[in-house]
Structure formats: C-alpha cells, structure tokens
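Here's a short tour of one protein model. Have the sequence and the 3D view open while you read.

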Amino acid sequence: ERNSKTTDLLVKLFDSITITNQGKNNSGVLSATSSSINKAQILGQASTVRIYSKECNNVKFSNEMNRLRVQGKTYEVCSASFGSGFVIDDNGHIVTNAHVADPNNLDSLIEGYSTDGTFEKDFLEDIMDYLVSEFDTATLAQTTEEDMIYFVTALITDLNKEGYITITNKDNEIYIQGETIFKNDPESGELLDKDKYFKANLIQSTPLTSYYESLLSDDTAITEVADLAVLQVEGDFNLPSIPINTTGFSIGQTIYVVGYPQIADDAELISSTQVLSSSVTKGSISSIKPNTNNTFDLVQIDAAIQGGNSGGPIIDEDGNVVAVATYSISSDSGNYNYGVSSKELLTFLANSSIKPQINPMRIELEKSLSYVSLSYYKRAQESLENILLTQPNLTVTLKPVVDLCQEKIDAGEDKTPLLDMNNRTLMIIVLIVLVALLVISLIFLIINIKKISEKKKELSKIPKLINQ
C-alpha cells in the first residue's frame with residue numbers, strides 16, 4: 001500500500017526463490033550409450049538405483065517474535081528430492097548420501113515448502129513489511145534475486161541459531177524406483193502412485209552439519225563428517241550387489257560415476273522410458289585428500305557430477321566401488337568433484353553392523369558379460385534372459401546386450417562350444433552317461449575276471465608233463 005512498485009518487485013523476487021533449486025535445461029547433454037560393451041559400466045548400472053526422499057518437520061516460531069505473523073505458530077514444512085544409491089548385499093541394503101536420505105533439518109526448512117502454504121505467506125509477508133519499513137524504494141529496486149535468496153537464507157539460519165525457531169522431525173518417506181518412472185506433483189513435490197515403487201527404510205545415517213550454516217560461517221564445514229546413509233528396501237528386491245574396493249586405488253586410475261543426474265533426464269531430448277536407466281560419466285582419480293578434520297579421505301575425480309548423482313557409486317574398471325559421489329564444485333576451468341572413500345564407507349557399514357557381500361545375481365551377471373567377451377553369444381543371451389525373467393527392473397540396462405548377442409548370432413559370429421560344460425542340465429546328463437559307462441565297464445571287467453578265473457581252473461586239471 002505504501003509503494004505498489006516496491007511491493008510488486010518484492011513479490012517477484014520472493015516468487016523466484018521457489019525455483020532456485022531446479023536445474024536448467026541443457027541441450028548439450030550427451031548420451032552415455034555406446035555400441036560396445038563396457039563391463040564396468042553395465043555392472044555399475046545394474047546395481048545403481050534412483051531414490052526419492054521426502055522429509056517433513058514441525059517448525060515452531062518463538063512467542064517472543066512480537067507483532068509478527070509467525071509468532072508462536074507451528075508449521076509443517078516438507079522437502080523432497082531425488083538422489084542415487086547402490087545395492088551392497090542380498091538383504092535389500094542400499095548405500096547413499098545422508099543428505100539424500102536424511103537431510104539436515106535446517107536445510108530441509110530452507111529448501112522446503114509448507115503443506116498448506118501458510119508458512120510462505122506468513123513468513124514472507126513479515127519480511128516484506130520489514131524491508132519496506134527499513135529501506136527506501138531506490139535501494140530495494142537494486143536488489144537482485146541472489147541478494148534476496150542470501151538474505152532469507154541468512155535470516156532463517158540466524159533465527160534457528162538464536163533459538164527463535166525450533167525444528168523437530170515429523171515424518172520421512174523413501175522410495176526406490178523400479179520398473180516405473182518416478183512421477184511427482186510439480187507443486188507440492190508429493191510422489192504419485194507410490195504403490196508402483198519399492199518402499200525403503202532408513203537404517204543408519206551420519207548426522208550432518210547444515211550446508212547453509214557452513215556457507216555462512218567460518219566455524220563449520222560440510223566435510224567434518226562422512227555424508228553416508230544406508231537404507232533397507234521392503235519386499236522382493238534383488239538387484240546385483242556391487243563389491244566395495246578393499247585393495248586400494250591410486251591417482252590417475254580410470255573411474256566411472258554412475259547415477260541419475262536430473263539434468264540428463266530432459267524430456268525434450270530423450271524418451272521418458274530411458275529415465276529408468278542411470279547415466280555413466282568417465283574420468284580419473286585426480287587426488288586423494290583428507291577431509292577438513294583429517295578423519296577420513298575424499299577422492300577427487302574429474303568426471304562430471306550433477307544434482308541427482310548424490311549417493312551414486314564411483315567405480316573402478318572392475319565395477320567395484322572406490323567412493324560415494326557426494327560433492328560437486330562448479331567451475332569453468334573443469335570438474336572438481338569429490339566422493340567419500342570406500343575405506344570410510346566400510347567403516348560406516350561396520351559400525352552399522354552391515355556386511356557387504358557379492359550376491360548370486362552379481363556373480364551371474366559377471367559370468368554373462370564374460371561370455372560376451374569370449375564371443376559365446378548364445379550362452380550369454382540365455383544367461384541374460386534368465387536374469388531378466390527374475391529382475392525385469394534391469395530391462396533397460398541389459399536389453400541392449402541381449403540384442404547385441406542376437407545380432408552377433410545372426411551374423412554367424414557366435415563361438416559358443418557345442419558341448420557347454422557350463423550348462424548345469426548338460427553337466428548332469430554327461431555325469432549320468434559317464435557313471436553308466438563306468439558301471440558297464442565294471443560289469444565287463446568283473447565278467448572277464450570271472451572268465452579268466454574259470455579258465456585257470458580248467459588249465460589246472462590238465463596233467464603236467466614231466467621232462468625226463
């Protein structure tokens with residue numbers, strides 16, 4: 001009412017805050033698909049999953065905030081996000097980042113939304129009243145979107161630090177994408193058709209320092225603790241597990257980052273069904289450095305990491321985890337990204353009483369891919385099709401390999417041996433035949449021994465000639 005132009009400007013700025021976390025479309029995203037078979041890539045993709053996580057908190061404002069709309073009120077504020085993770089055993093355990101599965105409460109408030117819209121209305125109107133009363137029109141007109149975001153973030157952080165805001169966790173829900181693409185309400189972030197996905201429960205996570213508080217303060221750092229969490233999926237969930245590298249790794253070593261970067265899911269570029277498939281970026285280990293308080297190692301890589309990659313595996317050329325993708329630093333000069341080392345991951349899992357294991361599905365998949373490398377295409381195709389019968393979730397990842405096998409078979413390039421000793425049924429038949437031959441041989445031997453014995457007896461009855 002005091003100044004309609006100023007009010008319109010502020011409303012525009014505040015509206016812009018709600019879209020600051022959305023990635024921009026990028027027509028330069030390249031496909032990670034290749035006509036050749038990369039064993040590490042396929043193994044990594046088969047074990048990597050996409051995660052939806054939603055956290056809701058009760059946010060109570062102090063009664064001391066006199067004459068403000070938020071005074072004494074409690075709001076339900078939720079935040080929802082997507083991330084990546086990977087299977088580590090046959091019990092449905094999935095490793096990811098803590099900031100994906102169990103984010104800091106203050107960060108959830110800053111990035112979140114109220115279930116009924118009242119928090120945004122009350123809080124932003126209080127801020128607008130303050131700004132209009134304290135600053136002249138010319139100053140406000142020069143305020144940028146970044147200035148307003150910084151101001152609101154700093155204000156919420158300070159109010160929480162001074163005890164004017166109390167945040168308590170109310171509810172968490174986590175789902176794993178299966179055969180159906182995640183779909184959520186664009187306004188509320190609420191996941192739709194939840195019965196089509198696998199529900200997961202948080203088993204353990206590292207309590208995190210607030211990302212925003214660390215940006216505003218010199219006293220805290222986001223790498224003081226390992227950003228790790230482990231989930232357990234409900235129901236029949238049996239993807240190939242991914243082994244964790246325990247023998248070490250070195251600078252310059254080739255690595256692959258597997259995950260679900262949201263920027264690569266641009267519907268204008270790719271088929272919606274391909275969103276089911278994780279993306280792979282290739283790079284190398286740039287350095288191995290300790291964290292801020294020298295309690296664990298961070299693995300620096302030059303492969304690209306984007307929003308949505310968080311919690312995904314960084315794997316070596318054998319398809320084993322060397323780190324968990326966690327931090328990304330944007331720079332025009334190159335990629336400077338970090339993952340929590342596999343050594344720290346093993347420590348975290350041990351403290352959570354969870355032992356990673358190579359499950360039968362991983363063993364079968366490794367065997368199938370080895371057949372491809374040997375040009376045993378018929379054998380590989382049969383093995384891969386058997387995997388898909390039990391795990392249709394892997395169709396997008398493995399179907400191209402099955403199709404490649406068929407192309408090679410049609411082209412007459414198959415070298416599968418006629419006698420396939422790796423076929424269990426054939427092995428049983430061969431063993432039965434061998435046993436039968438052995439039994440027959442023993443029978444003939446016994447008969448012959450008996451005949452020889454009888455012959456000796458007959459010879460013994462003939463009178464001996466005595467030389468004189």
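Let's start with a word we'll need: a residue is buried if its relative accessible area is under 20%, exposed if over 50%, and partly exposed in between (1.4 Å probe, protein chains only). This is a predicted model, where local features need pLDDT of at least 70, side-chain atom pairs count only at pLDDT 80 or more, and totals for chains, interfaces and linings use all residues. Residues are numbered from 1 along each chain as its sequence is written, and side-chain values use heavy atoms, leaving out hydrogens and water.

Now find E173, which sits in strand β5 (residues 165-176); strands are DSSP runs of E, at least two residues long, numbered from the N terminus. Is E173 buried or exposed? E173 has a relative accessible area of 13%, so it counts as buried. Its side chain makes a polar contact with that of K194 at 3.0 Å (N or O atoms within 3.5 Å, one able to donate a hydrogen and the other to accept it; residues adjacent in sequence count only if both atoms are side-chain atoms).

Next, look at strand β8 (residues 254-259), where 5 of the 6 residues are buried.

| Partner of β8 | Sense | Bridges |
|---|---|---|
| β9 (residues 279-290) | antiparallel | 6 bridges |
| β11 (residues 313-315) | antiparallel | 2 bridges |

To spot these pairings, look for V257 opposite T281 in β9, and Y256 opposite I315 in β11.

Notes
Helices (H or I, at least four residues) and strands (E, at least two) are DSSP runs, numbered from the N terminus. Two strands pair if DSSP finds at least two bridges between them.
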